[in-house]
Structures are given as C-alpha cells and as structure tokens.
Amino acid sequence: MEWKLCEGRRHFVMPHNARRRCTEMGTANDSIFSHFILVGFSDRPQLEKVLFAVILPAYLLTLLGNSTIILVSRLDPHLHTPMYFFLTHLSFLDLSFTSSSIPQLLYNLSGQDKTISYVGCALQLVLFLGLGGVECLLLAVMAYDRFVAVCKPLHYMVIMSPKLCVGLVSLAWGCGVANSLAMSPVTLSLPRCGRRRVDHFLCEMPALIRMACVNTAAVEGTVFVLAIGIVLSPLVFILISYGYIVRAVLQIRSAAGRQKAFNTCGSHLTVVSLFYGNIIYMYMQPGNSSSQDQGKFLTLFYNIVTPLLNPLIYTLRNKEYGQMDALLFTVITILFAVALIGNITLVLLIRLDRRLHTPMYFLLSQLSIIDI
C-alpha cells in the first residue's frame, strides 16, 4: 500500500487500484457539476468583439432567409412539390441547428461569463448530433429526388408521392435522432476527473471526448463507425445518384435542356459540397489529431455560414420563386452585403493587427477571401 495523488488530494490506496479510484472519484465529482466553461475564443478578446459584430447580423439574416424560404414554399401553391417540401425541412433544420448554439456563443462573446449549465450543455450536444445527422440523411433524400426528376421525369410525380416524401423525411429524422440518443449519453458519461473547461465555443462531441481522463479509443472507434453510417453512407449515395444524373444530362441534345437540368441540381450540389466539406474534415478524424483552433473556425463556418448561404443558393438558382421577387431580392441583397462586409472586415483586421499575424489567422484570411 502507498499514498497516491488523485486530483491534488492524497488517498491511501492499493497501487494497482490507484487509477481506478481516481476515475471513480472523478465520476463522482462530475455528477455534482452544475456547469461547464466554454473556452471558445476567450484567449483573444479583440477577436471576440469582431466575431460578435459579424455573427449577430449573420445569425439574424439566417433566421430571416430560412424563414422566408419556409413561408414562401408554404404560401405559394406552385411550390407545393416534393423538391420544395424537402427544401422546407432543410431550412427548418438550418434554423434549429444554428439556434442550438449561436445564441449561447453570442452571450459568451458579449461578456466575461463563459459558463453553460450541465443541462444546457447536454441539450446542445443532443441537438448538434441529432440535427447534423438528420441533415446528412435529408441531403441524400434530396439527391434521390433530383435523380428521379432528371432520370425519370415522366414518372416523377408518381414515384415521389406525398406518402413516400413523408416517409423519407420521417426516416431521416428517426435515424438522426437515434444516432444522437445513442452517442450523447456515452459522451456525457465519460469520467472527466473534475475538468470543466470545454476547449470550444459549444458542447461538441470531440471537445467533450478530449476532456475525458480515461482511454477513449473505444468511444472514438464507435464514433467513427457511426459516422460511416450517418455521414459517409449518405455521401456515397449522393455521389452515385449524381453519377446517374450526369450520364442522363450528357444524353440530352439541346443546350436548353442541359441548362435546365443543371439549374435543377446545381443548388443541391452546392449545398452538399459546403456541408460535407466541413463535416467530414471535423468528424472523420480522431479527437486529438486535428488543430483545436482550426476546428473552432470550421465549426463556426458550419454553424453560421452554411445556413446563411443556403437560402441565397436556392433562390438564385430556382426560377419558381419568381412570384416573390421583390421580397427575395431584398433578402438576397442583404445576405450578400453582410457576407461581403463580414469577410472583408476579417481580412482587413487580420492584415492590420500584427498580433494576428499567425498561421491560424493567415488560413482564416484565405478562407474569407475564398468566401468573397
């Protein structure tokens, strides 16, 4: 027997039981926590002010743009089609997904208080995983809708019946929620040995896994397997669908027909590229392998920029919204202006402030230039 240190306190334990006892005490301590501390960007106070000034209008415009898509699709009888039924659900997902984390981020950016309650953190994790999984599957459903529209246009309304559309959307929601309910309890139950600081601006699964004081290889392996089912499988389905779509488009002889097919699929393909480009980079890697700062900015892009751009992408490429031209033109103009001003502001601040002349901010400035 000997004395062992466990979280700064001395305990008289057997040598081979020391680590187990530390873990047990950490679990007990975890159970009485009432809050976590979201580190976010607190080590860069100047950047916090800039992010608040950019994210607040971007969030409000995200709410406006996606709400407009939902309202127009519901009010205009010409848009009561399978494609706009799925688009309505995508806009609702974007609204819910953004609102699950951005208000808390804005609160933390605006002051010194960086805390989030345990219940709030758990709810944020459940929503983040659930809504993200649903969006992966919904994009695959929308790819199937485009496949039927281009490859089997004469049978489109028969195949894409209201019953099938509701069934596909229900399946996407069911699988996404099931994935969240499976992974959230596992992540939250990991022993943290008294650690409260989450090195992120939200309660994201990789950040919470990094806080664990035990070997998380089994959990990360489970996450990777589920990611194959929820992330990669829909992506493979989307790529196969677009393979058939491309082949069908190449067989169209008229330039007008090809242009129509391109407009039909271009919006969805653009959204898929934005969505999967970020999510694969973030979640298909082990929790400790990627840069944490880089992960924060990618998650921020995924949380606010993609939902902000989705209404812009769809309204620009779909002529069916023509009856609401005035309203949509106003929304699109505002979205474009804020996106342009926000990215230019980031580039200028990074260029002018010498403290930001680091590799991370250099990469961020390049990302802003690409967005412009």
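**Helix packing, aromatic pairs and disulfides**

Helix 3 and helix 7 are roughly parallel to each other in the model, which is a predicted one. This description follows from their packing angle of about 25 degrees, because angles under 35 degrees count as roughly parallel. Helix 3 covers residues 82-99, and helix 7 covers residues 162-188. The axes of helix 3 and helix 7 lie 10 Å apart. The crossing of helix 3 and helix 7 is right-handed.

An unreviewed UniProt entry places the feature "transmembrane region" at residues 50-72, 84-102, 122-144, 164-182, 224-245, 266-284, 296-314 and 326-350.

The aromatic side chains were examined next. A pair of aromatic rings is described by the distance of the centres and the angle of the planes. The count comes to 11 aromatic pairs. Among them, Phe36 and Tyr118 form a stacked pair, with 5.8 Å from centre to centre and 25 degrees between the planes. This pair links distant parts of the chain, since Phe36 belongs to strand 3 (residues 35-38) and Tyr118 to helix 5 (residues 118-151), 82 residues apart. The relative accessible area of Phe36 is 1%, so Phe36 is buried. Tyr118 has a relative accessible area of 26% and is therefore partly exposed. Another pair, that of Phe128 and Tyr302, is edge-to-face, with the centres 6.1 Å apart and 80 degrees between the planes. Distant parts of the chain are linked here too, with Phe128 in helix 5 and Tyr302 in helix 11 (residues 292-317), 174 residues apart. Phe128 and Tyr302 are both buried. Phe128 and Tyr302 also belong to a cluster in which ring pairs link Phe97, Phe128, Phe275, Tyr276 and Tyr302.

Helix 11 also holds Asn303. Asn303 has a relative accessible area of 0% and is therefore buried. Along the chain, Asn303 and Ile102 are 201 residues apart, while their C-alpha atoms are separated by 7.7 Å.

The count of disulfides comes to two. One of them is formed by Cys121 and Cys203, whose sulfur atoms are 2.0 Å apart. The torsion about the S-S bond of Cys121 and Cys203 is about -120 degrees, and this disulfide is therefore left-handed. The pair links distant parts of the chain, with Cys121 in helix 5 and Cys203 in the loop between strand 5 (197-198) and helix 8 (205-210), 82 residues apart. Cys121 and Cys203 are both buried.

The other disulfide joins Cys193 to Cys213, with an S to S distance of 2.0 Å. The link of Cys193 and Cys213 is right-handed, with 70 degrees about the S-S bond. Cys193 lies in the loop between helix 7 and strand 5, and Cys213 lies in the loop between helix 8 and helix 9 (217-250), so the pair ties together parts that are 20 residues apart in sequence. Cys193 has a relative accessibility of 6% and therefore counts as buried. Cys213, with a relative accessible area of 24%, is partly exposed. The backbone at Cys193 has a positive phi of about 50 degrees, although Cys193 is not a glycine. When bonded cysteines are counted along the chain, the disulfides of the protein follow the pattern 1-3, 2-4.

Terms used:
Residues numbered from 1 in each chain as written. Heavy atoms only, no water. UniProt positions renumbered as here; feature names shortened; annotations may be inferred. Phe/Tyr/Trp six-rings, centres within 6.5 Å; stacked < 30°, edge-to-face > 60°. Helix = DSSP H or I, 4+ residues; strand = E, 2+ residues; numbered from the N terminus. Buried < 20%, exposed > 50% of the residue type's maximum accessible area, 1.4 Å probe, protein only. Disulfide = S-S within 2.5 Å. Axes fitted to C-alpha atoms, helices over the stretch in contact; angles between N-to-C directions. Parallel < 35°, antiparallel > 145°, perpendicular 65-115°, else oblique. Left-handed = near helix turned anticlockwise from the far one by under 90°.
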